[in-house]
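Here are some notes to go with the model you asked me to look over. Have it open as you read.

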Amino acid sequence: MNLKCKHPLRICLCLLLALNFSTLAFANQIQQARFNQAGDTSRLVLEFESEPTFTYFTLSGPNRLVLDLSGVGKRYSFDNLQLSSKAVTKVRHSTPKTKQDTRLVIEMSKQLTPTIFTLPASPDASYRLVIELVDPTYIADTTPVNTAGPDRDKDIIIVVDAGHGGVDPGSIGPAGTYEKRITLSIAKMLETKINNEPGMRAIMTRDGDYYISPNARPRIAVQANADLLISIHADAFTTPQPRGGSVWVLSKGRADSELGRLLEQTERSSELLGPAAEVIEDRDTERYFAETILNMSMDLFRASSYELSNKMINEMKGVTKMHKKVPQSASLAVLTAPETPSILVEVGFISNPQEEKNLNWKEHRERLADAMFRSITAFFKKTPPDGTLWAQWKQNAPQQHRVASGESLSLLAQRYGVTVSKLKSENNLSSDMVKIGQLLTIPSS
Ligand SMILES: [Zn+2]
């Protein structure tokens, strides 16, 4: 209890309270209130001195959410609270059940679905109560920019997602490194590499230090009709030992491994304003995701994600120790864009002092971004999406053939529909002899 008295008379009152009404004393109070609106979600965050205890109920006609905070006696003025939403119209006080409590009323223009949870204090934030109000009738007003078919974007669109951001620092290393800063730095490096590559374009889910909900991230990929979403994170564990990177794809059901469940859980609880990784069972994700996860096309995208993950693990192995040698799967909200291959890369353990040091080294981050870039280009070189420049180039590019036992130039010329002389000139061959294992360029006929 923190009762500060300046006046002698108030000392007595404080003592009285402390002695007789300690459980009733105004032990807690609202320190700050913030509001933000992202997509379908209106979010009110209240900061407290200590962990708040609350109950709530909703009323209709007019729509209201009534929130009772016990042991919060002091009124907080919401006059300066900016309500940047049409769905939430007012936040005000109402008569509490007892004098030691606070009753808040959130007025809403329509029926919103509430989710209310507390978040523990962290080095740079106090206890928070997060009130999320989701509009079930919300329709995103952005239309896809990159529709499939003949009109699709000729560039391969890659959504680069820097994990966390803003009030959500992600994990914090023993030396105080914020995951959100590491992820943004690597994401920007990757963005530059992608944008320098002809026929490829990067879209960032965030390009600064601000908060985006985990569910809003795959939506950005869907709206951009992206060919890939890559989400960048750094791992953390309760002990300093674990180290190494890992690559994650969406699992169909529950996480395949213990670590997967842990990741789902820690990403979930480590978040400040909505987890970076909400499990699919979540109402919000589920509505968005619907049955897509179970259908055939999803399997296809899961397969692509898995293939890319394998490539990425191979590339990352050259840069950092890998915690897991095969792609891991978990039900992470950020990976739920239907029809967009999505992967999540953990670039190392920020909770490991050596890896934290590495991640703070620009050169190391550059190498990680390089490894990601190389695996992405290798993946799309092999399977460029239909309608892209890369697909065109692949079609026109000369094919390669490695000579197998029993194959001759004339046989290969016949198989590829080219003349023997064209094969010879393309490969600078002076005779008709070819060796087993020799790599030949097959000209377009
Ligand atoms: Zn993270």
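The points below cover the nonpolar cores and then a few backbone spots.

1. First, the ground rules. This is a predicted model, where local features need pLDDT of at least 70, side-chain atom pairs count only at pLDDT 80 or more, and totals for chains, interfaces and linings use all residues. Residues are numbered from 1 along each chain as its sequence is written.

2. Start with the largest nonpolar core, which has 52 residues; Ile 158 and Met 372 have the most contacts inside it. A core here is a set of buried Ala, Val, Leu, Ile, Met, Phe, Trp, Tyr and Cys residues joined through C-beta atoms within 7 Å. Buried means 20 or more other C-beta atoms within 10 Å of a residue's own, exposed means 12 or fewer, and partly exposed is in between, with C-beta atoms placed from the backbone. Helix H8 (residues 362-382) gives this core its largest share, 8 residues. Helices (H or I, at least four residues) and strands (E, at least two) are DSSP runs, numbered from the N terminus.

3. Apart from that core lies another, of 19 residues, including Leu 46, Val 72, Val 91 and Leu 112.

4. Now the backbone. Gly 61 to Pro 62 is a cis peptide bond, with omega near -5°. Pro 62 sits in the loop between strand E3 (53-59) and strand E4 (64-70).

5. Asn 225, not a glycine, has a positive phi of about 50°. You'll find Asn 225 in the loop between helix H3 (216-223) and strand E11 (228-235).

6. Asn 428 also isn't glycine, and its phi is positive, near 50°. Its loop runs between helix H11 (420-426) and strand E16 (439-442).
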